[in-house]
Amino acid sequence: MSKKLVKLEVPAPLDVEKIMQEKIPADQFEKVAGEKIFDQKFEGEAIGFFKDAWLRFKRNKSSVVALCIIVFIVFMAIFGPMMSKYHFREQHTEFGTLPPRIPVLEDFGIFDGTQQMELFKADLEMEEFKDAVVSIEREFIWKYKNKEIEKVIANINMYEYTGAEDHYFIFGTDNIGRDLFVRLWRGTRISLLIGFVSVFINVCIGVTYGSVAGYYGGKVDMIMMRITEILGGVPFLVMSILFIMVLGAGIVSFILVLILTGWIGMARMIRAQFYRYKDYEYVMASRTMGAKDRVLIFRHILPNAIGPIITQATFAVPSAIFSESFLSYLGLGIQAPEPSIGVLLAEGQRVLTTSPHLTLFPALIISLLMLAFNMFGNGLRDAFDPRMRGL
Amino acid sequence: MLKYILKRVAAMALTLFIILSLSFFAIRLIPGDIAGQGAAPELKAALEARYHLDKPLLEQYVIFLKNFLSFDFGESINLYPRRPVFQIIRDKIPTTLQLNIFSLALTIPIGLACGIAAALKKNTWVDYAISAMVVFNVSIPSFVFATVMQYIFCYKLEWFPFLLELEDSSFSLSKFWSMILPILALSFGGISTITRYMRAELFEALNSEYMLLSKSKGLSKLQSTLRHALRNSFIPLCNVIIPMFMNLLGGSMVVENIFGIPGIGSLTSASIQTSDYYLTIAVLFFYSCISLTSMLLVDLSYGIVDPRIRIGGGKVRE
Amino acid sequence: MKIKRILALALACMMMLTACGSNETETETETNTTTENTQTETETETEEEEVEEYTGPKDYRGWTTSRATFNPQMYTNSKTIMNAGTLVAALAENDELVWYPHHASELPTTTDGGTTWTVKIREGLVWSTGTALDATDYEYTFKMLLDPKLVNKNAAYAYDPVVIVNAKEYSQGNANWEDVGVKLVNDHELQITLQYPASELDFYSMIGSLIWPVEEETYEACMNADRTSTTYGTTLDTTPSSGMFVVSEWVTDGYEKFVRNENDPLVKEGWVKLDSYTSRYISQNATRAEMFWAGELDNHSLTGDDYLQYKNDPRAHSLLSANVWGYFMNGASKNTIMQQKDFRNALHYGTPRETICEDVYKLYPAAPALISTGIYAGDGYYRDTEAGKAIAEKYATDYDKAVELFNKAYEANGGQPVSVEYIYFEGQEDQKRQAEILQEHFENLFGSDRFTLTLRACPPASAYDLYRAGEYDLGLGVRLMGNVFNPWSGLNVWKQDYADPYITGFASDEYDQLWFDCMYGDIATDTAAKVEALAKMEELLLDYGCFVPVMQNNNCVMYHERVELATENYLPFIGFSTNQTDLIAAA
């Protein structure tokens, strides 16, 4: 019944019919070529599972946007570092912690590499401040133990101040003068790598484990589920700290940490799917015809779960990146000098109030990734399982 | 029912035992000297003897288990030298628990309310606003959020004190006031998790066949929503709340650091990083106890929320 | 000196804190202040003040990073025990350091040139618990400190470097208490016998300032059945006080509050101006900074980035660290290139310490030699002596020389590309930056096709354990100079028979002989000869290449304007004597 309800919401076939009945000059048909193909497909060949999903996915605007964002970020993660003339390890120690400065925008007073500073008026006389003062925001008298000292709040062009006039670090620099733009994309690459690889392995383990547990049931299931319970019983954080302490921080140990318990959710989900489908008649029919366990598991039952698997995997990627950033905050990040979004965020957090740009850009990317992956995941879920549309 | 509970408790004890053993051996793998850190080397041998580290590993394990089972959890070695582990954890639990409970008390109702509102008013501005909040919440790491909050509300606006007030052990208004930011920072992620699940579950329930039935029976929308949809959508929610509670404890690591809270969260990483052997094992054990107990509670509560799930029945449930 | 090791652990334990230096120096300085006294105000200040005197509550609001225990025989994280008195107090008076009897009724005296010391204890001293404190408490303290079953971490204070007769033997269970050089003459007099003569300065700054008494009744009550452990000092109830302050509130990793101890002799004499001292546990530097700017803390350590804006601020006070940070080099590593002396020297000359200091630390001066500019040799700073200057010059940064040496070592090693691992402390940003600069710089200097530096983060505690085990190539760290007046004592860590060595492969009989001569031998009283010997020792170490000095962690502390420091000058041993400060206004 629910299927019927949903079908009513799909108006596409009606429109096509209407168009077909109208008499339209032949030369006009070309302009709606897309619809024509759709029409033919509808009548002709069967639409495959993925094609069907893709058609539905396409209609969801926000997921398409999300997909575009993901593609963009992945693209930048791969090619972004090449777009800049700086290398991610290249240091300009004298240009430490410069705020962003972007060519055209700087003329409008934003991202022009200035920073507000509270200084003593006497400081301004100093050589290094001479050309660097852009404007004086405010002057005031500060009383200290009955002495009156003149202070100013001034906008200082940090590029002038440090002698980096010829440089444009569009996202600014960290405190040993490395270009944040390059480091950010490089870091994104590593974070994404950690995310994708760990999720991929998790899916493999989870699917196999869940299938076996779900298919065989009984004692096997009992023991296998006990194992997941033990693993799941240890808090993720504690386990990962222990693990990283033993293995040492690095991409591989991060991935291992994420795998350690990450597959459990997937395994449980798959197991539930198996419990649901293994008693269906078609499975029994296949079994009576002599199908082997392997065939039953992978050919007949598992495909039912493809939708949920892909959806769950999509949601797992950003949370893997998130976990990585949290461990970085605890000081267990990727080995220097390699950056990751988490490492950059953790570094930025310490100086958040003085150099906000070091947090802002990594936070922006991680937010975009989270947002995009979530919307993309939602879109996929709708596409694979129309009943869940819009949830 | 009782039999089922007993069975579960037995299984839990087994799990705890395995976790205990695993952590005993895992800590040994961490590079670093368990007893000798900073100790005068001529004392090292004495220290090793003191912590039985001079005996074969298996014998150490037996001694450790024996002590542990007789509730002698050992003493801290490096972090709080010579202080009994039990005392350390006991002193730190109340603060952490207090915060986490407050945080849950905030998270669950708000999360539910938002989720319900979003599901009922689907695709209206209410839904969009709530979804925006959810996305915002899930996409900013808590350490960034907490730092920004502290900067804005404590430093710029001066509304709240920077740190948790500790001077007065009894509960007071000013103490509660100082707890607000830590609680918010802790609840931050949880609210959106609950909201998201509630919205999804309730929406699915609203579109299900039994809702059609209840409507056709002549129940008003309110009645059918309250009696049927809502109740059904609570069931899977239990699954979300356990990991959330665990996350809270993890999240308190960050929040405790930033708001100067002497709780158990910061103890975890510090004890592992200083290879504080007994303390680490005890902290791990404590966390595992909490997570397993909450798992059990959730499983039991299924039976109460949904009578269809017969506890102790043969079929394995999901 | 064991202080070094203990302090090294202090660093180790401070996880996720600010850079290597920002707390340690304060710990070090406050550390030795242990007996906090307040000092009469400097005259110039009083003249300037024409406003009426502030009479409101004087509660100093400080911060700390953690307090492990108040047991003075066990604490490892921080030495700021304000509640415990000692025999002798180091105080700031007229901008100078003075030694003043605290629990002793007069400064301990010696009659035979520094071997036998008579310590007279004041009459009428009481513990915060009400029981009397006299010489028997000190005898008990020594006995418990050295107890072989208790295995106290601070036991070494009694035999290193000032050696009490048979103290070490007793602590290892090889001697009877009767043979130990601590004798109770009567209830108010102790006689302490040393194995080697010690100067007054050494005696005051070591035995006099590092032995904190414990209260027998509580200590015994907290003892377990087989007398192997005591919970003394682990809770407020088990922490009796005998110093200028009494611990009145304590929440572990939360905060602690000390109130002035009106029964203390020095308080009675008016040295203490503060009513109380509250110390909050705050782990994030950013939080401390915000709280300081908001006027909620009375002091705050500037970071490199802040320093730019506040270096000329009258509130900012620079400290003078006794320690030089750098990295250890393991000449005994399995990595063959590490075994090349030329290679190790190349790293020494090639280390861009000036860049690191100017651009990363900003606050800290670069240090080309092992001994800090804050270390005294006799009356003046060692680094100001001719010998000291010559060493610093000889080992100054020199990239050309570095490349030349590297080429030599490279050929000698077979001309194969080499890779070396560098360990730094996890969770400490500045040190990570230092590592990254070293990596980039060395690879550019020596050619990345020939040399690669891999970086590895480690928690400080594990890192030091790796150094002990010799399982490293290069490793960040420090050997803390415990006593600014006696650099020789601190250099025992490089001796062959030192009990807790970091493996570097350095072994020199000449060095060991020099050390012994300076400490206990012929030239122990001859300052000029000792300075020469010190320079020679420094040269031996640098020449072998077991440690590359990088910087001296001179921190800069901002004090709230209501804080009136006891001294305008940074003093050795007690720093600004923060605990002797006064407050001249309400918060």
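Of the contacts in chain A (heavy atoms within 4.5 Å) between residues at least 6 apart in sequence, 70% join residues at least 24 apart. This is a predicted model, in which local features need pLDDT of at least 70 and side-chain atom pairs count only at pLDDT 80 or more, while totals for chains, interfaces and linings use all residues. Residues are numbered from 1 along each chain as its sequence is written, chains are lettered from A and ligands numbered from 1 in the order in which they are written, and side-chain values use heavy atoms, with hydrogens and water left out.

Chain A has 15 helices and three strands, taken as DSSP runs (H or I, at least four residues, for helices; E, at least two, for strands) and numbered from the N terminus. Of the 391 residues in chain A, 51% are buried, that is, under 20% relative accessible area (1.4 Å probe, protein chains only).

Turning to the interface, 42 residues from chain A and 48 residues from chain B take part in the contact. About 4000 Å² is buried between the two chains, with carbon and sulfur atoms giving 74% of this area; buried area is the accessible area (1.4 Å probe) lost on putting two parts together, summed over both. Several helices of chain B give two or more residues to the side that touches chain A, including H5 (125–139), H7 (173–206) and H9 (221–259). The largest share, eight residues, comes from H1(B). By class, this side of chain B has 29 nonpolar, eleven polar and eight charged residues, where Ala, Val, Leu, Ile, Met, Phe, Trp, Tyr, Cys and Pro count as nonpolar, Asp, Glu, Lys and Arg as charged, and the others, Gly among them, as polar.

Notes:
Buried means under 20% relative accessible area, exposed over 50%, partly exposed in between (1.4 Å probe, protein chains only).
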